[in-house]
Amino acid sequence: LCPFVLQLQVSVALREGQIRPTELCHRCLSQIEETKFLNAYITVTEEAAFKQAEESEERFKRGKPLGPLDGVPVAVKDNFSTAGIETTCASKMLQGYIPPFTATVVQKLLDQGAVLMGKTNLDEFAMGSGSIDSIFGPVRNPWGYSKQYRGESSRREDPGWLIAGGSSGGSAAAVASLTCFASLGSDTGGSTRNPAALCGIVGLKPTYGLLSRHGLIPLVNSMDVPGILTRSVDDAATVLGVLAGHDPKDSTTVQDHIESFELPDEIAVQNLCVGIPKEYHAPGLSSETLAAWTRAADLFENAGAKVVQVSLPHTQYSIVCYHVLCCTEVASNMARFDGLEFGHRSKMESSTEAMYAATRHEGFNDVVRGRILSGNYFLLKQNYERYFLKAQKVRHLIANDFLKAFSSGVDFLLAPTTLSDAAPYLEFTKEDNRTRSAQEDIFTQSANMAGLPAVTIPLTLSTRGLPISLQFIGRGFQEQKLLSVAKWLEKVVKFPLIELEATAGNLQDAPKHKTFTSAL
C-alpha cells in the first residue's frame, strides 16, 4: 500500500487520480488475505466493499467526491450494528444475528463514501484487555511479525506470538497491518487506547456525548464511547470531524453545533502547561515506559512548555470503583440476551425458565457470566448502598480530581497508556481476565469515568522492537486542542512505520474469514 500509508495521503491520491478506489480496495483485500494469521477480522465484506468502491470511483470521475473519506477503506469493530451484515460481539450468543439497522457512526462513514472492508475481532462483548476471549480465536499483534521485533528476538528465545491488546484488538491490528486506513473501536475503560498503544497506532477516545452510541451494543452505557483508530493524529481528527455531533437517536449526544477538527501544521506549545499525575507512577510500570514518559515531558519543557506535577488523589480507588460500576451495568445490559427474540437459543424445552438459563449458560463465556454474577451481587438490596452507591460517590470524586487539576492551570495531562509493551500470549494468560483487566486498565479507565477525551500515540520502540505509547487526557469537548498537542509530539518523535514479515509459517494456522456478499 506504500506510499499511501496515511488516510490523508490516500485521500489526496484519490482526488489526483494516482490510484482508483477499486484498485485501493483490491490492495486492502489482498493485504487482509496476506495477514489473516493475525485474525483481525471476523467478517470480510468483499462484495459490498467492491460495490462501494465502484460507486466512489464514479463520483471521482464526475469530480464530485463526498468528502475526505470517499473511497478510503475502513473497518468496524464487531459490536457495532450493521444492517445486512452479521454482528456477533465475538460471542456464541449473537452468532447468526444480522441487525435490521446500522449504527449511526458507521452510517456516517458510509455516507461520506468510506469503503467498509469488514467487521473486526474483539474480546467477547468487549470484556477484556487482550482480545483473546473471542469465540473466533485471539487476535495477534502485527508487531510480533515485524522486522523490528524479529530482528531483536533472533538474539533470544522466541517467546511466541504477542497479544494485540483489547478489547478493540482486531480494529487496532487491522490498521497497524495496513489492511485499512481507519477503524472504529469502542472505549469503555481503555478498549481503544490499550490496543492502539500495543499496536503502535493512534487511538482516540472522544468526550462522552460527542459521538453517538446508537447501534453500539452496550457494555456500560454511562462510559461507552465509540473510539477511532488511525495511523496518524491528523487522520483521527478527520474521522472525528465526520462522526461528531448530535444524534436524535441518542439522547446523551451533545446538542451544540460541532466545528471541524482540522489541525494546524504549525503548533506552538510554549504557553502550555503539561500535568504529570504523580499517582500514575504505578507498581509494574516498566522502566522503558517510565523513560519514554520522562523523555516526552523533557521534550515539552525544552520547547518552552511548563511541566508540573499534579495529584489525582482518588486514583488508587478508581480501578475498584470502575469494576463495580462496570459489572452492575453489564448485569443490566446482558439481561436482553434471553434466547427469545434474537441470537442463540438453547434446545432445552422443559420450561421457559430452563430454556432461558440454558441459553445464557451456552451463549456467554466464563468472563461474561462472571461479570453478570458480580453485577447482580452488587445490586442486591442488602449490597446496593455498600457497593453501587459508594462506587458512584467515588466516581464523582475521581471526576473532581480532574476538574481541580485543569482548574489549576494545567492544559492537559501526560501519562502512560499501558504498563509496558505487548506481552506474549503465554505470559498474558498466566493470569485470569479479571486480574489482567485490573492491571491493563489502570491508566485508562479513569478518563471514561470522568467522561474526558484522551488520545494515545506511539512514542518509541522498546529494546524488544515493540511500540511504547503515551496518552494525553484533556478537558471535556477540547478535542481540537488535545489532538493538536498530540500532533506536535507525533511530529517530534517520528515513530517508525511497521515493516511486516509475512511468512508461510504464519499462515499455517490462519483462520478462514466469513465473507458477506450483501451490501449495507
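1. Val202 stands opposite Thr230 in β6, and this pair belongs to the antiparallel pairing of strand β5 (residues 202–205) with strand β6 (residues 225–230), which extends over three bridges. Two strands are taken to pair if DSSP finds at least two bridges between them, and strands (E, at least two residues) and helices (H or I, at least four residues) are DSSP runs numbered from the N terminus.

2. The model is predicted, with local features requiring pLDDT of at least 70 and side-chain atom pairs counting only at pLDDT 80 or more, whereas totals for chains, interfaces and linings use all residues. Residues are numbered from 1 along each chain as its sequence is written, and side-chain values use heavy atoms, with hydrogens and water left out.

3. Strand β5 also pairs with strand β10 (residues 454–461), again in the antiparallel sense and over three bridges, with Leu204 opposite Val455 of β10. Val202 and Leu204 point one way from β5 while Gly203 and Lys205 point the other way, and all are buried, that is, under 20% relative accessible area, where over 50% would be exposed and values in between partly exposed (1.4 Å probe, protein chains only). In a regular strand the side chains alternate between the two faces of the sheet.

4. Strand β3 (residues 115–120) is mostly covered, six of its six residues being buried. Strand β1 (residues 41–44) runs antiparallel to β3 and is joined to it by three bridges, with Thr43 opposite Lys119; strand β2 (residues 73–77), by contrast, runs parallel to β3 over five bridges, and there Val74 has Leu116 as its bridge partner.

5. The axes of helix α2 (residues 21–34) and helix α3 (residues 46–61), being lines fitted to C-alpha atoms over the stretch in contact, with angles from 0 to 180 degrees between N-to-C directions, come within 7 Å and cross at roughly 155°. The two helices are therefore roughly antiparallel, a label given to angles over 145 degrees. The contact (heavy atoms within 4.5 Å) includes Cys25 and Leu29 of α2 together with Phe50 and Phe60 of α3.

6. Helix α9 (residues 287–302) and helix α17 (residues 479–493) have axes that come within 11 Å and cross at roughly 105°, which makes α9 roughly perpendicular to α17, the class for 65 to 115 degrees. Arg295, Ala296, Leu299 and Phe300 of α9 meet Val485, Trp488, Leu489, Val492 and Val493 of α17.

Conventions. Angles under 35 degrees count as roughly parallel, over 145 as roughly antiparallel, 65 to 115 as roughly perpendicular and the rest as oblique.
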